[in-house]
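Have a look at the model first, then work through the points below.

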Amino acid sequence: MLIEDNPPTNGVLADDDTSSSLRSWLAVVAVAIGAFAFVTTEFLPVGVLPRVAVDLGVLPGTAGLMVTVPGVIAAISAPGSMLVAGRMDRRRVFLLLTALLLASNLISAFAPTFLIMLVGRALLGAALGGFWTLATAASGRLVKPKDSARAMATILTGVTCATVIGVPLGTFIASFASWRASFMATGVLVAVALVAQFIFVPSLPSSAALRLRDLVELLRRPHPRRSMMMVALVFGAHFSSYTYITPFLLRNANLGMATITWLLLGFGIIGFFSNFAISSTVTRHLKMSVGAMVSLLMVALVSLPLLQHSSLGVVALVLAWGVSFGALPLCFSVWIQRATPDSPEAGSALFVSIIQVAIAVGSLVGGMVVDHVGITADFMFGSGLALFGLATLASFGAREKAAATEAVPCPACTD
């Protein structure tokens with residue numbers, strides 16, 4: 001995410017031995033709640049997709065546009081919002097983007113047609129890229145410098161939690177109410193985040209601005225360019241299949257909605273712990289960690305259709321999938337930081353953008369495969385993308401591997 005190079009003045013707390021104030025930590029929590037709400041809203045349709053498709057009269061693959069549309073727009077807004085914001089006070093940017101998210105949830109909750117639903121999801125995309133890019137940048141400015149690592153870890157915990165539990169949360173609410181209630185509940189969470197940010201986040205003037213030429217120059221370099229390609233392939237593999245995991249578990253594995261809800265919750269919980277577990281090894285064995293998690297993802301996608309008639313096998317593979325994806329965001333965050341040590345701002349903005357492109361294209365192509373060929377073929381397609389991701393990882397030679405293992409600390413790591 002975007003890390004701004006600001007001097008100790010203009011909103012950055014001076015470095016001393018005193019601890020950060022309670023108000024400072026409340027500001028960090030406010031941003032973390034916002035990050036949780038943003039990413040939860042992004043992934044919410046995955047768990048309620050069949051219900052939305054039926055109620056709004058569209059095919060499941062078409063309903064996948066609820067993931068595709070915000071992904072496309074967020075891919076543009078990640079660097080675009082930073083280019084437009086320039087030196088605007090980051091507090092004001094936070095409030096504007098969170099307000100857009102609130103509007104998105106309310107429109108989605110009350111959408112009478114699928115077209116109106118897509119309008120709400122488009123607003124999400126407009127806000128998502130910029131907020132995700134800004135979220136970790138605030139950590140070093142909201143607290144004393146000596147506490148910046150803890151603050152960043154707290155904010156990233158909000159993103160990680162949303163990534164792994166957003167889907168089961170929405171499915172759980174929809175199971176006893178409706179999918180509209182899921183969006184309304186998330187809207188309440190957004191409102192809490194907006195009020196908390198208004199009260200606790202201080203003025204955050206910026207003295208640095210991202211330039212378009214920074215992005216272009218970074219993409220001209222082979223190592224960062226291939227790194228972004230690897231991220232795109234693996235995230236595309238995940239979302240081309242995970243967007244349609246609920247229909248697969250319903251139709252192919254013949255599981256009930258109650259079982260699916262608990263299974264997706266297990267996916268999120270095991271992914272949450274996987275994120276923390278991998279942090280103890282990823283800084284020392286980065287390439288091995290990435291390879292192991294991508295391989296686990298590929299095996300899960302290949303094996304699920306083969307074992308779809310075994311409830312125990314399906315449960316085990318979905319949980320293995322959760323282990324993989326719970327660890328991959330942290331693995332790739334470290335990889336991109338080490339691939340762009342001299343251009344952290346541009347690297348972070350492009351990283352967010354590439355992930356959103358992968359989510360959008362993956363869910364779109366996955367939906368086309370589901371509608372025209374079937375869910376089994378979609379899972380095979382996802383496993384193929386994961387295989388290409390592994391091939392890209394293997395293409396990094398010894399010299400590049402050595403460069404990647406030079407110490408560029410990852411603030412999300414707990415060790």
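Let's start with Phe235, which is buried, with a relative accessible area of 5%. Keep in mind that this is a predicted model. From that ring we'll move on to its partner, then to other rings and a pair of helices.

**Aromatic rings in helix 10**
- Phe239 is buried too, at 1% relative accessibility, because anything under 20% counts as buried.
- Phe235 and Phe239 sit four residues apart in helix 10 (residues 222-242), so about one helical turn separates them.
- The structure holds 14 aromatic pairs, and Phe235 with Phe239 is a stacked one, with 6.4 Å centre to centre and 15 degrees between the planes.
- These two rings also belong to an aromatic cluster with Phe43, Phe325 and Phe332.

- Trp335 and Phe396 are both buried.
- Their ring centres are 5.1 Å apart and their planes are at 65 degrees, so this pair is edge-to-face.
- Trp335 lies in helix 14 (residues 311-339), while Phe396 is in the loop between helix 16 (375-394) and helix 17 (398-404), 61 residues apart.
- Phe396 has a charge over its ring as well: the charged end of Arg226 sits there, 4.8 Å from the ring centre.

**Helix 1 against helix 4**
- The axes of helix 1 (residues 22-56) and helix 4 (residues 90-109) come within 11 Å and cross at roughly 35 degrees.
- The crossing is left-handed.
- Residues making the contact include Val31 and Phe38 of helix 1 and Phe94 and Leu97 of helix 4.
- By class, this contact has six nonpolar, three polar and no charged residues.

Notes. Residues numbered from 1 in each chain as written. Predicted model: local features only at pLDDT ≥ 70, side-chain atom pairs only at ≥ 80, totals over all residues. Heavy atoms only, no water. Axes fitted to C-alpha atoms, helices over the stretch in contact; angles between N-to-C directions. Helix = DSSP H or I, 4+ residues; strand = E, 2+ residues; numbered from the N terminus. Left-handed = near helix turned anticlockwise from the far one by under 90°. Contact = heavy atoms within 4.5 Å. Nonpolar A, V, L, I, M, F, W, Y, C, P; charged D, E, K, R; others polar. Phe/Tyr/Trp six-rings, centres within 6.5 Å; stacked < 30°, edge-to-face > 60°. Buried < 20%, exposed > 50% of the residue type's maximum accessible area, 1.4 Å probe, protein only. Lys NZ or Arg CZ within 6 Å of the ring centre and 35° of its normal.
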